[in-house]
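Biologist: I have a structure open and would like to learn how to read it. Can we go through it feature by feature?

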Amino acid sequence: MPTLKLLLLPGDGIGPEVMAEAKHVLAWLEARGLASFAIEEDLVGGSAYDAHGKSISEAAMAKALAADAVLFGAVGGPKWDKVPYDARPEAGLLRLRKDLGLFANLRPAICYPALADASSLKRELVEGLDIMIVRELTGGVYFGEPKTITDLGNGQKRAVDTQVYDTYEIERIARVAFDLARKRRNKVTSSEKRNVMKSGVLWHEVVTQVHAREYKDVQLEHLLADACGMQLVRQPKQFDVIVTDNLFGDMLSDVAAMLTGSLGMLPSASLGEVDAKTKKRRALYEPVHGAAPDIAGKGLANPIAMIGSLGMALRYSFGMIKEADLIDRAIAAALDRGLRTADIRGQAQRTIGTTEMGEAIRAELDRLAV
Ligand code: NAD
């Protein structure tokens with residue numbers, strides 16, 4: 001059995017609390033003989049700033065570059081609101097994304113049947129929902145130059161952001177989406193604004209070409225980003241994989257997230273290029289939520305997004321599909337038993353804390369693994 005190199009970066013606030021539950025699941029997998037991990041751990045965010053004066057040390061970066069996958073908790077909190085801009089907690093995460101070349105952000109939106117009533121949409125629209133938003137993460141309008149505010153000297157200013165995409169950036173994100181679709185329900189929806197944006201025209205053209213050349217077996221549809229937003233709240237179950245640029249992906253993935261209930265439920269993955277020699281790709285897995293300083297240290301945080309992120313690491317970095325499915329089923333089973341952390345509590349349900357939810361999920365793993 002290969003040893004999988006994993007770097008854990010718990011971070012700040014509730015990060016270490018939810019990471020503790022992911023560590024228990026790692027220990028469970030090892031104890032069952034299902035995997036062998038070489039685990040390292042380091043600081044990131046405010047805790048790294050306190051120790052080293054920067055939000056991630058060079059030593060931690062080196063470990064991240066050497067790892068098969070990075071599991072990240074959350075960073076930030078009021079304690080570090082006044083630190084220099086370059087050393088702010090989020091800078092550690094941005095450095096990781098940049099240096100690991102993580103261009104593809106995968107955000108699943110899954111609605112567990114037990115939580116369908118927590119959605120803002122009707123139960124029948126979201127129950128059993130399982131879609132994947134693939135967002136381009138390193139290009140587009142957030143990074144394009146020029147990016148300026150100019151004083152026009154007549155009492156007016158002019159702000160400019162630039163949306164830029166090259167062919168290779170669209171090709172590689174399209175391939176991630178098509179590859180994922182082949183392992184799911186075999187459908188990709190590509191979303192842009194080709195009616196008003198040149199970058200949308202190129203996006204449409206390149207995705208169409210990649211499809212015709214390499215993925216004819218996958219169903220492809222194109223949907224303008226505004227229509228996609230509308231369809232996401234109208235009939236979300238029509239989608240399987242949605243692939244889109246950085247800006248539209250930012251918005252559409254948040255819309256999709258809210259279909260499913262709480263921030264505490266949402267895992268994510270960010271993937272880099274496949275290395276031609278090793279055939280491996282750099283990857284970072286993290287919950288979508290932040291450090292939640294309002295509940296940090298109280299044992300209240302929902303660990304499901306963190307444990308789900310570990311599940312994604314097993315699925316996308318280690319090819320451990322059976323084990324990843326097992327984790328997803330254990331989470332669903334714990335929820336089916338009516339167990340809820342405060343963020344997903346409905347009426348008349350007993351509320352449990354972080355460790356109890358972790359224990360409940362491991363109990364379900366024990367039950368399901370036999
Ligand atoms: P947040 O996600 O930390 O919290 C938003 C709300 O959701 C809070 O009420 C919080 O208690 C709740 N919540 C979040 N995760 C939860 C969980 N697992 N279980 C139960 N409840 C949960 O967002 P925020 O309050 O806007 O930001 C707090 C800090 O986190 C800030 O410093 C922000 O910059 C940082 N942040 C970091 C990341 C990251 O590390 N990737 C992402 C977002 C925000």
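Biologist: In what order do the ten strands of the open sheet lie?

Modeller: First, the ground rules. This is a predicted model, in which local features need pLDDT of at least 70, side-chain atom pairs count only at pLDDT 80 or more, and totals for chains, interfaces and linings use all residues. Residues are numbered from 1 along each chain as its sequence is written. Strands (E, at least two residues) and helices (H or I, at least four) are DSSP runs, numbered from the N terminus. Two strands pair if DSSP finds at least two bridges between them. Here the order is β2-β1-β3-β12-β11-β4-β5-β10-β8-β9, with mixed pairing.

Biologist: Which strands stand at the edges?

Modeller: β2 (36–41) and β9 (219–224) do. Each has a single partner strand, so one side of each lacks a neighbour in the sheet. From one strand to the next, the twist averages 25°. Axes for such angles are lines fitted to C-alpha atoms, for helices over the stretch in contact; angles run from 0 to 180 degrees between N-to-C directions.

Biologist: How do β11 and β12 run, and how many bridges join them?

Modeller: They run antiparallel, and six bridges join β11 (residues 267–274) to β12 (residues 281–287). Ser270 stands opposite Leu284 in β12.

Biologist: Which strands does helix α6 lie across?

Modeller: Contact means C-beta atoms, placed from the backbone, within 7 Å. Helix α6 (residues 167–182) lies across β4 (104–110), β5 (130–136), β8 (187–192), β10 (241–244) and β11. Its angle to β5 is about 165°.

Biologist: How many residues surround the ligand?

Modeller: A residue counts as near if its C-beta atom, placed from the backbone, lies within 6 Å. The ligand has 23 around it; the closest are Gly76, Gly264, His289, Gly290 and Asn302. Ala, Val, Leu, Ile, Met, Phe, Trp, Tyr, Cys and Pro count as nonpolar, Asp, Glu, Lys and Arg as charged, and the others, Gly among them, as polar. That shell holds twelve nonpolar, seven polar and four charged residues.

Biologist: Is Gly33 buried or exposed?

Modeller: Count the other C-beta atoms, placed from the backbone, within 10 Å: 20 or more means buried, 12 or fewer exposed, and in between partly exposed. Gly33 has 8 such neighbours, so Gly33 is exposed. Gly33 sits in the loop between α1 (15–31) and β2. Met1 is 32 residues away from Gly33 in sequence, but 9.2 Å away in space, C-alpha to C-alpha.

Biologist: What share of the chain is buried?

Modeller: Buried residues make up 47% of the 370.

Conventions. Contact = placed C-beta atoms within 7 Å.
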